[in-house]
Amino acid sequence: MAEAVHSRKVYWRVWFQLLMITVVEIIVAFLPISHYLMALLFTIMALMKATLIAAYFMHLKFEQVGLIYSIVLPLILIIALATALIPDGSVALLMRLGLGYY
């Protein structure tokens, strides 16, 4: 019985952390900051929330390292690929807008 109470406390603590990150996201949405900084902050907060959910609600915190690497490595590769394609997407956007190739 004590085990179940302890796990509930952990879930409530994680839920509260997710709630606080969501509140910060709402506050950031209304701040007069650049869109690039806002996108960066939203990305960081989304990764924080995803990490909390994966670690506690998907029970990955207690898994072996190999399973965690099999999830984290493809995520890192996807992010690297998306980052590598940003310059090509920017050039395509400029050409589509008729601003030429810079």
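How many residues does H2 have, and how far does H2 reach from its first C-alpha to its last? H2 has 23 residues and spans 31 Å between those two atoms, close to the 33 Å expected at 1.5 Å a residue; the expected span of a helix is 1.5 Å times one less than its number of residues. Helices here are DSSP runs (H or I, at least four residues), strands are runs of E of at least two, and both are numbered from the N terminus. The structure is a predicted model, in which local features need pLDDT of at least 70 and side-chain atom pairs count only at pLDDT 80 or more, while totals for chains, interfaces and linings use all residues. Residues are numbered from 1 along each chain as its sequence is written, and side-chain values use heavy atoms, with hydrogens and water left out.

The protein chain contains three helices and zero strands, and its pattern along the sequence reads α-α-α. Its radius of gyration is 19 Å, well over the 13 Å that the globule rule gives for 102 residues, so the chain is more spread out than a compact globule. That radius is taken over C-alpha atoms, and the globule rule is 2.2 Å times the number of residues to the power 0.38. Along the principal axes, the C-alpha atoms fill a box of roughly 70 × 35 × 15 Å.

Of the 102 residues in the chain, 14% are buried, where buried means under 20% relative accessible area, exposed means over 50%, and partly exposed lies in between (1.4 Å probe, protein chains only). The accessible surface comes to about 8,400 Å², and carbon and sulfur atoms hold 76% of that area; areas come from the Shrake-Rupley method with a 1.4 Å probe, and for residues only the protein chains shown count as cover. Among contacts (heavy atoms within 4.5 Å) with a separation of 6 or more, residues 24 or more positions apart account for 48%.

The structure holds one salt bridge, defined as a side-chain nitrogen of Lys or Arg within 4 Å of a carboxyl oxygen of Asp or Glu. The partners are the side chains of Glu25 and Lys49, which meet at 3.2 Å, N to O. Glu25 lies in helix H1 and Lys49 in helix H2, so the pair ties together parts that are 24 residues apart in sequence. Side chains of opposite charge can pair when their charged atoms come close.

Glu25 itself sits in H1, which covers residues 2-29, and is buried at a relative accessible area of 16%. Not counting residues up to four places away in sequence, Glu25 touches Phe42, Met45, Ala46 and Lys49. Two of these, Met45 and Lys49, are listed among the buried residues of H2, together with Met38, Leu52, Ala54, Ala55 and Tyr56. Ala50 is 25 residues from Glu25 along the chain, and their C-alpha atoms are separated by 14 Å. After H2 comes His59, which has a positive phi, near 60°.

Tyr11, Trp12, Trp15, Phe16, Leu19, Met20, Val23, Ile27, Leu31, Ile53, Phe57 and Met58 make a nonpolar surface patch of about 1,100 Å². Patches are made of residues with over 30% relative accessible area and no salt bridge, with like charges joined within 9 Å and nonpolar side chains (Val, Leu, Ile, Met, Phe, Trp, Tyr) within 5 Å. H1 and H2 (35-57) are the elements that give two or more residues to the nonpolar patch, and H1 supplies the largest share, eight residues. Ile27 lies in H1.

The final part of the chain is described by a few residues. Ile68 lies in helix H3, residues 65-96, and counts as partly exposed at 28% relative accessibility. Leaving aside neighbours within four places in sequence, Ile68 is in contact with Leu60 and Glu63. From C-alpha to C-alpha, Ile68 and Ala54 are 9.8 Å apart in space and 14 residues apart in sequence. Leu85 also lies in H3 and is partly exposed at 47%; its C-alpha is 30 Å from that of Val24, 61 residues away in sequence. Leu99, found in the segment after H3, is partly exposed at 44%.
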